[in-house]
Amino acid sequence: MIYNEEFETMPREVMKALQVKRLQQVLERVYHTVGFYKKSFDAAGIKPDAIKSIADMKKLPFITRKDLRDNYPFGLFSVPMSNIVRLHTSSGTSGRAAVFGYTKRDIETWSDLIARSLVAAGITKNDIIHNAFGYGLFTGGLGLHYGAEKIGASVIPMSGENTKRQIMILQDFGPTVICSTPSYALHLVEEGTALGVDMKSLKLRVGIFGAEPWNKATCDEIEKAFSISALDLYGLSEVIGPGMAMECMEGRNGMHVYEDHFIVETINPKTGDVLPEGEEGELVFTTLTKEAGPLIRYRTGDISRLITEPCRCGRSHVKMERVLKRSDDMLIIRGINIFPSQIEAILVGIEGLKPHYQIIIDKVGALDSLDLQVEVSDNIFSDSGSVKELQKIEQRIIKDMKDYLGVSARVKLVEPNTLQKTEAKIIDKRRY
Amino acid sequence: MKVEQISVFLENKPGSLEHATRVMKENNINIRTLSLAETVDFGILRLIVNDVEKANKVLKDNGFRVSKTPVVAVEVPDKPGGLHSIMEVVSKEGINVEYLYAFVEKSGQNAVIIFRFDNPEKAIEVLLKHQFTVIPGAKLYDF
């Protein structure tokens, strides 16, 4: 099923022409309304009207996550605050987070993208959707929610906590669709099975998963455990949120990127050179229709490959493969994006703590775990010699990690020099 | 009148304590008394030694996180009510005990109790006023 036939099946030449037209409009707009783009285009010696085709795009400078942080909180908005109706933000302490604004029309666009994605999964107004993506500052919950209402489905705004209650609702309300991170879906299976619930006998028939890397094997495991089809949804809060690309039920091979709203390029992450379509590289997204915070050539850090072969579903939009790798050190823990530098900022913020640390990421059952080993500095092991003081520091680290980054960490204080300077600061034991 | 205790941070893993005791053995440091506080992840080894400065230095040189902690040593007769007589006095004054440990001195007549008080100065003053024997560091190290 296709939600928006006109745009989703648009012939590629017409699509390219539409993209160029929209690109030229957005370039003019950001150049004149966002100081950052004026500066960066001027520095690159490029004027918006010099871009006449998609191929010309390579002349434009990139925007990176660092630029988003440097312009915290509202520096990249291209509309006055009075036109902004919603704000979302990434995790992180002040100046290390990025803020994303939406105008009324942006919310409509986003809802439309989710509506397309749900319909691509065969979902209709007759479905009940159990939405276990987190509601709040994270874009997952609300993003899915608005699109689901748009197609007239019944939404259960579960968010991501209270697993036992979720299992009760899955049994009692009989939702036919579940949306969550893949690891949370597997966690539900573990908990449900432990409670003696036959997860296969639930009414669920399709699941939409995203916000973290998951491979084919995990997909198979989820499909088997719930007896459903498990589809991949792609999105980045920086760009708009979930709904930038969606796997279709007919193709089951990659996610269609909604090209009437985004231009996607793949680049060599080392050189920044644009790669031929079909080669693996870092995804770079340009928003064509976003009003509040347009992004021109945003380096996502996600490594993938574009699939240009026509899809049997009839959509003309290019597809992208599952994202299983990053070009940078960003960590995705239970769907939350975290950079080691953000953890370091938290440790530095705690008086007396020297950030000699190591992060160990693993899985406990289906869920990600984050263990933080911190060397005891002279300052915190001061004159009391008391267990209490050190435990206070441990609790403080745990609390700040939860408050600022939204992750539950386990903290272990270790002897000095046990963490070798040459050793990696991050050990990710997870396998995708 | 205060006594300096050596506090050593130890990870809760095999070999940690052995490493600390080996360093002290190799440097000819004698332990007068000690206690080990433990949590799930880590422990703190508390030591009264014959040579505080040397112990502090050699442990640090061997990579341990070490601090010197002022504690108070009180001598009481080794008989029922010995510890209680001290507690009665300090509790009345509102002084809090963070931790304590004890040993019996060589003659077997008296017990020495090592206290970490929240306010060591006041504790010493109160104890002396009540005629308790507070053992100064220099004497305790050579006990």
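**Close-up views of a two-chain predicted model**

**View 1. Strand β3(A) and its parallel partners.** Three bridges link β3(A) to strand β5 (residues 177-180) of chain A, and the pairing is parallel. Here, strands are DSSP runs of E with at least two residues, helices are runs of H or I with at least four, both numbered from the N terminus, and two strands pair if DSSP finds at least two bridges between them. The model is predicted, so local features need pLDDT of at least 70 and side-chain atom pairs count only at pLDDT 80 or more, while totals for chains, interfaces and linings use all residues. Residues are numbered from 1 along each chain as its sequence is written, with chains lettered from A and ligands numbered from 1 in the order in which they are written. In β5(A), look for Ile178(A), the bridge partner of His130(A).

**View 2. From β3(A) over a helix to β4(A).** Strand β3 (residues 128-131) of chain A also runs parallel to strand β4 (residues 154-156) of chain A, joined by three bridges. His130(A) has Ile156(A) as its bridge partner in β4(A). Between β3(A) and β4(A) the chain passes through helix α6 (residues 139-150) of chain A, in a right-handed β-α-β crossover (with the strands pointing away from the viewer, the path from the first strand over the helix to the second runs clockwise).

**View 3. An open antiparallel sheet in chain A.** Four strands line up in the order β10-β11-β12-β15, with antiparallel pairing. The edges are β10 (262-267) and β15 (325-326) of chain A, each pairing on one side only. Strand β12 (residues 298-304) of chain A meets β15(A) over two bridges, and Ile303(A) has Lys325(A) as its bridge partner in β15(A).

**View 4. Around Val264(A) in the largest nonpolar core.** This core has 90 residues, of which Met244(A), Val257(A) and Val264(A) touch the most other members. A nonpolar core is a set of buried Ala, Val, Leu, Ile, Met, Phe, Trp, Tyr and Cys residues joined through C-beta atoms within 7 Å; buried means that 20 or more other C-beta atoms lie within 10 Å of the residue's own, with C-beta atoms placed from the backbone. Helix α5 (residues 104-120) of chain A gives the most to the core, with seven residues.

**View 5. Where chain A touches chain B.** Contacts (C-beta atoms, placed from the backbone, within 7 Å) involve 17 residues of chain A and 18 residues of chain B. On the chain A side, α11 (387-405) and β20 (409-414) are the elements that give two or more residues.

Notes:
Buried ≥ 20, exposed ≤ 12 C-beta atoms within 10 Å, placed from the backbone. Contact = placed C-beta atoms within 7 Å.
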